[in-house]
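Visitor: Please take one part of this model and look at it closely, after placing it in the chain as a whole.

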Amino acid sequence: MVTQALLDIPLEKRPRVYVITKGAFRVDGLDDAVNPPSAALNGFVRVAANELEKFKFTSVDLPAEPANDDELETLVLELICDGDEDEVALRGDTRMGSELLETGALTDDVVQPSTLDDQHPVLLRAIRTDV
């Protein structure tokens, strides 16, 4: 329903959309485990940002347990600053954004060559014929 309501807004009048979550990101050792409903909502924001034309979506994540009363003020400042980031985590007086980093995780070899000998045995399983 939310998505359909957003699509009803004329292209030239589509606003920036902020989605506020609590505990969607685990950004430091002080954060508790990720809150699954908040993480799912952040996933919706990522998809909507790619699928809905002429919208700028931003998710702002707050800690699951507020540390102090200044966090509401920090959130208000985030909403009015109109920053470039599309994912922001606010923790106390720290503002963090996500970024893509180059890694070899998808290109590095994951299979390590090994010599087959007495020191490196291989267990073979029989192929099931009753499937």
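Guide: Of the contacts in the chain that join residues at least 6 apart in sequence, 62% link residues at least 24 apart, a contact being heavy atoms within 4.5 Å. The model is predicted, so local features need pLDDT of at least 70 and side-chain atom pairs count only at pLDDT 80 or more, while totals for chains, interfaces and linings use all residues. Residues are numbered from 1 along each chain as its sequence is written, and side-chain values use heavy atoms, with hydrogens and water left out.

The chain has three helices and four strands, in the order α-β-α-β-α-β-β along the sequence. The radius of gyration is 23 Å, well over the 14 Å from the globule rule for 131 residues, so the chain is more spread out than a compact globule. (Helices are DSSP runs of H or I with at least four residues, strands runs of E with at least two, both numbered from the N terminus; the radius is taken over C-alpha atoms, and the rule is 2.2 Å times the number of residues to the power 0.38.) Along the principal axes, the C-alpha atoms fill a box of roughly 70 × 40 × 30 Å. Buried residues are 24% of the 131 in the chain, where buried is under 20% relative accessible area, exposed over 50% and partly exposed in between, with a 1.4 Å probe and protein chains only.

E87 belongs to strand β3 and is buried, at 10% relative accessible area. The side chain of E87 makes a polar contact with the side chain of R46 at 2.4 Å and another with the side chain of S98 at 2.9 Å. (A polar contact is a pair of N or O atoms within 3.5 Å; within protein, one must be able to donate a hydrogen and the other to accept it, and residues adjacent in sequence count only if both atoms are side-chain atoms.) Beyond its neighbours within four places in sequence, E87 is in contact with F25, N42, R46, S59, M96, G97 and S98.

R91 is also in strand β3 and is buried, with a relative accessible area of 9%. A polar atom of the R91 side chain lies 3.0 Å from the backbone oxygen of F25. Residues up to four places away in sequence aside, R91 touches F25, V27, D28, D31, D61, L62, P63 and M96.

L41, in helix α2, is partly exposed at 36% relative accessibility. Not counting residues up to four places away in sequence, L41 touches V19 and T21, and its C-alpha atom is separated by 8.2 Å from that of A24, 17 residues apart along the chain. K54, in the loop between α2 (36–51) and β2 (56–62), is exposed at 56% relative accessibility; its phi is near 65°, a positive value in a residue other than glycine.
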